[in-house]
Amino acid sequence: MIRTQRLAAGVCALLAALTAALAFPASAAADETEQAAPKVELVLDVSGSMRTADIDGGTRMAAAKQAFNEVLDATPEEVQLGIRTLGANYPGNDRKEGCKDTEQLYPVGPLNRTDAKTAVATLAPTGWTPIGPALLKAATDLDGGSGTRRIVLISDGEDTCQPLDPCEVAREIAAKGIGLTIDTLGLVPDAKTRDQLSCIADATGGTYTSVQHKAELSDRVGQLVDRAADPVVTPVATEGSGECAEAPALKPGLYTDREEFGQQRWYKVDVEPGQELRASVSVAADRAVNPDYGVLLRAVTTHGREVVRGEAAGNGRTDVISTGLRYPKPESDDDNAPAESICLQVTNSYSVASGVKTQPGLPLELTVDVVGGPDQAHDVAAFGLGRGWWLLGALVVTGFVGGLLWGWVSRWRVAVWRTN
């Protein structure tokens with residue numbers, strides 16, 4: 001029955017899509033035209049340590065230049081790409097001046113491959129490692145617009161401009177809610193460099209990669225630039241309530257909110273008979289928090305009865321913690337049966353030390369989806385097998401009987417052999 005329903009739904013969706021395409025071709029084209037172009041800025045460490053020759057027999061700077069040239073050749077046309085350097089110009093020992101040494105080598109915009117390659121070719125390892133200031137400037141370079149925005153930071157050492165902690169800078173960028181992701185790559189990193197670059201990436205939902213060879217660097221930077229061109233779903237800002245009765249009604253989609261420390265946030269979703277609610281939530285620590293924390297996601301009826309929950313705990317090793325749940329609503333014999341309102345409760349157990357700001361609340365991302373449910377509501381609890389338990393039981397019985405028969409035949413053959 002569920003297969004027939006899905007087939008009918010698929011045919012209806014296809015007909016609706018074709019009708020919309022024929023009826024509104026102009027508006028569809030307009031929407032595609034208005035979609036903001038993805039932006040990427042490559043931030044390259046050009047400090048003195050980049051002279052070190054430990055990547056496939058060449059210097060780290062030579063490996064970076066080769067990777068940039070290959071990536072520039074393969075950058076998708078729709079991606080607006082820029083290049084920023086840190087430590088490329090000031091060779092002196094004045095720390096104050098060295099920590100200002102970051103400049104935009106190539107502006108973020110439509111890519112002229114020849115000009116960009118020419119600019120990269122002039123770079124030579126020079127000065128300090130002002131990662132924090134460079135990230136602040138790069139965020140400004142990418143400011144504005146609603147498309148995908150990524151910073152790809154390539155460095156071989158720790159920031160030398162403390163106390164401007166680059167990890168705190170990344171958290172500040174994440175707290176602005178501008179949807180900017182920072183991916184980091186460490187060239188032959190030591191433990192301290194690895195920890196710092198990992199923290200920067202984790203703070204904005206990015207990735208960290210350790211690089212030991214030229215090919216790894218080229219491949220990874222290329223992947224991150226290509227990823228910016230992938231279509232993304234823009235989260236919708238919402239504001240959860242303090243109790244179920246006043247919770248905002250949400251449709252399937254991606255939502256963002258802010259949740260104070262130890263606070264409960266409530267949201268409401270309607271689920272029709274025969275449908276399944278799937279929800280997941282991620283809460284990020286965009287500032288220093290105490291270790292040992294957790295997130296709880298509960299699905300509750302409007303009468304206060306919990307139907308299912310998801311929970312996760314952390315120990316300080318990651319800045320984001322996520323959990324999810326599934327709730328299948330049984331089908332009804334009444335074709336006019338109303339939808340059931342399910343309240344989603346999000347609770348966190350984060351805490352901070354004295355002196356750390358608690359406002360604004362922690363960034364929260366909630367994903368809601370409502371899909372066609374299984375034939376029976378209990379199928380989900382049956383380890384995903386549903387009616388497959390009958391087949392599994394038949395296989396077990398068949399195996400047992402087959403084993404008995406084989407044992408009996410084997411004993412009979414042995415007995416005949418001994419007799420002869």
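In what pairing are the bonded cysteines of the protein joined when they are numbered in sequence order? The pairing is 1-2, 3-4, 5-6. The structure is a predicted model, in which local features need pLDDT of at least 70 and side-chain atom pairs count only at pLDDT 80 or more, while totals for chains, interfaces and linings use all residues. Residues are numbered from 1 along each chain as its sequence is written, and side-chain values use heavy atoms, with hydrogens and water left out.

A disulfide is a covalent bond between the sulfur atoms of two cysteines. Here the term is applied to a pair of cysteine sulfur atoms within 2.5 Å. A search of the whole structure finds 3 disulfides.

One of these is formed by C99 and C161, with sulfur atoms 2.0 Å apart. The link of C99 and C161 is left-handed, with -105° about the S-S bond. This pair links distant parts of the chain, 62 residues apart: C99 lies in the loop between helix 4 (95-98) and strand 5 (102-109), and C161 in the loop between strand 6 (149-155) and helix 7 (166-175). Helices (H or I, at least four residues) and strands (E, at least two) are DSSP runs, numbered from the N terminus. Both C99 and C161 are buried. Buried means under 20% relative accessible area, exposed over 50%, and partly exposed in between (1.4 Å probe, protein chains only).

A disulfide is also formed by C167 and C199, whose sulfur atoms are 1.6 Å apart. The torsion about the S-S bond of C167 and C199 is about -50°, so this disulfide is left-handed. Distant parts of the chain are again linked, with C167 in helix 7 and C199 in helix 8 (residues 191-203), 32 residues apart. Both C167 and C199 are buried.

C244 is joined to C343 by a disulfide with an S to S distance of 2.0 Å. Its torsion about the S-S bond is about 65°, and the disulfide of C244 and C343 is therefore right-handed. The two cysteines are 99 residues apart and link distant parts of the chain, C244 being in the loop between strand 9 (236-237) and strand 10 (253-259) and C343 in strand 16 (residues 340-348). C244 counts as buried because its relative accessibility is 13%. C343 counts as buried at 0% relative accessibility.

The loop between strand 9 and strand 10 also holds T238. T238 is buried, with a relative accessible area of 19%. Leaving aside neighbours within four places in sequence, T238 is in contact (heavy atoms within 4.5 Å) with P248, L250, Y255, T256, D257 and Y267.
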